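Okay, thanks for coming, everyone. Let me put the model up, and then I'll walk you through a handful of spots in it.

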Amino acid sequence: PNAPTAPPSASSMSEPVPYLTGERLRALLPPGEALAAVQDFFGAHRREDVAVPQRIHLPVPGQETTGLYMPAATPRYVALKSVHLMPRRFPSVEAEVFLYDAETGRLLCWGDGKPMTALRTAAVSTAATLRLLPRCRSLLVYGAGVQAAAHVAAFAAAYGELETVWAVTRSPASFERLQAALPSALRARLHACTAPEQALGTVDCVVTTTPAPRPLFAWERLGPRCHVVGIGSATHAMNELPPQAFLEGRVWLDTRGAIAEAGDLRAALALGWTEDRLAGDLFDLLGPGGAPQRGPGRTVFKSVGHAAQDLAVLIRLWERLQAAGA
């Protein structure tokens with residue numbers, strides 16, 4: 001850090017680094033493109049090709065703020081996501097993402113981390129589900145926030161046969177907000193679910209996107225070949241999925257780090273679930289070995305987020321910016 005460096009050139013100082021707002025990000029990378037970015041990245045990279053250290057948790061002195069810092073690198077690119085959690089403020093989360101050239105260290109682009117997180121999380125869920133669920137005509141979503149909207153849009157783009165989306169929300173007003181957040185072409189397919197116990201047994205897939213402290217549904221209510229995606233429970237205090245999902249289902253994780261982080265996985269560990277029962281992680285699921293054998297019964301994809309996922313989407317965004325001449 002103290003080594004002498006050459007002063008920046010006039011051209012490098014005058015060239016603005018592209019900033020990606022949520023609107024610009026979504027224009028550059030609609031759900032289908034984000035899905036392709038995830039599929040291509042994990043299909044082309046082995047686990048050993050991507051350096052992802054454990055995320056840094058930083059309690060900020062004198063503030064009720066926690067910083068989370070998540071880097072990832074390949075030989076060509078370095079990505080960093082910075083997240084600050086502030087439970088007593090509104091908005092309670094601020095996040096930025098940065099992409100660097102690995103050879104020169106130059107910042108290539110940066111942007112709003114909140115919409116990008118929603119986009120890449122939904123793309124990861126969809127990429128994993130396509131490997132485990134060939135057809136999806138009906139979907140049940142718990143939640144009405146940004147992640148719920150992103151997942152509905154991503155699943156609709158990936159599954160042309162998707163006809164019906166049920167949404168379990170806290171209130172009619174939250175359902176209306178979810179509906180308003182979707183493209184107009186999707187709104188007719190979205191329905192408020194007032195009896196989730198009945199719907200659970202009929203849908204092809206269930207997606208949970210909430211910070212619920214207790215399981216949202218009973219495992220035995222699901223259809224015999226239902227696929228479950230859990231993305232909301234990413235801390236010890238959150239517990240969306242019932243422990244039977246891990247004890248009885250065939251389970252895939254986005255990263256093995258989820259075992260230590262997710263409350264619902266920790267609850268399953270306490271009841272005897274062990275890592276050796278895990279079917280694999282995202283590199284196994286999307287890697288060049290081909291689609292896994294689904295087999296009978298229910299499947300589960302549990303996701304807590306991983307810096308390699310941010311890197312995959314940021315690389316594709318940078319490529320799209322270059323193609324657009326930005």
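So, let's start with Thr-210. Setting aside neighbours within four places in sequence, Thr-210 is in contact with Tyr-142, Gly-143, Leu-216, Gly-232, Ser-233 and Glu-240, where contact means heavy atoms within 4.5 Å. Before I go on: this is a predicted model, so local features need pLDDT of at least 70 and side-chain atom pairs count only at pLDDT 80 or more, while totals for chains, interfaces and linings use all residues. Residues are numbered from 1 along each chain as its sequence is written, and side-chain values use heavy atoms, with hydrogens and water left out.

Where does Thr-210 lie? In the loop between β10 (205-208) and β11 (227-230). Thr-210 has a relative accessible area of 15%, so it's buried. The cut-offs are under 20% for buried and over 50% for exposed, with partly exposed in between, using a 1.4 Å probe and protein chains only. A polar atom of the Thr-210 side chain also lies 3.2 Å from the backbone nitrogen of Ala-212.

Pro-211 is in that loop between β10 and β11 too, but with a relative accessible area of 53% Pro-211 is exposed.

Now on to strand β11, which holds His-227. Buried or exposed, what's the call on His-227? Buried, because the relative accessible area is 0%. The His-227 side chain makes a polar contact of 3.2 Å with the side chain of Thr-129. A polar contact is a pair of N or O atoms within 3.5 Å; within protein, one must be able to donate a hydrogen and the other to accept it, and residues adjacent in sequence count only if both atoms are side-chain atoms. Beyond four places in sequence, the contacts of His-227 include Asp-204, Cys-205, Arg-294 and Phe-301.

Next, Thr-255, in the loop between β12 (250-253) and α10. Thr-255 is buried, since its relative accessible area is 13%. Leaving out neighbours within four places, Thr-255 is in contact with Asp-281, Val-304, Gly-305 and His-306. Thr-255 and Leu-282 are 27 residues apart in sequence, yet 6.6 Å apart in space, C-alpha to C-alpha.

A quick word on aromatics. Rings of Phe, Tyr and Trp (its six-membered ring) pair if their centres lie within 6.5 Å; planes under 30 degrees apart are stacked, over 60 edge-to-face, and the rest tilted. That rule gives seven aromatic pairs. Phe-41 and Phe-42 have ring centres 5.3 Å apart and planes at 75°, so that pair is edge-to-face. Phe-41 is buried because its relative accessible area is 5%, and Phe-42, at 1%, counts as buried as well. Tyr-19, Phe-98 and Trp-110 form one aromatic cluster.

Last item, the peptide bonds. Most peptide bonds are trans. Which kind of peptide bond joins Phe-90 and Pro-91? A cis one, with omega at about 0°. Pro-91 is in the loop between β4 (77-85) and β5 (93-101).

That's my tour, happy to go back to any of these.

Note on methods:
Helix = DSSP H or I, 4+ residues; strand = E, 2+ residues; numbered from the N terminus.
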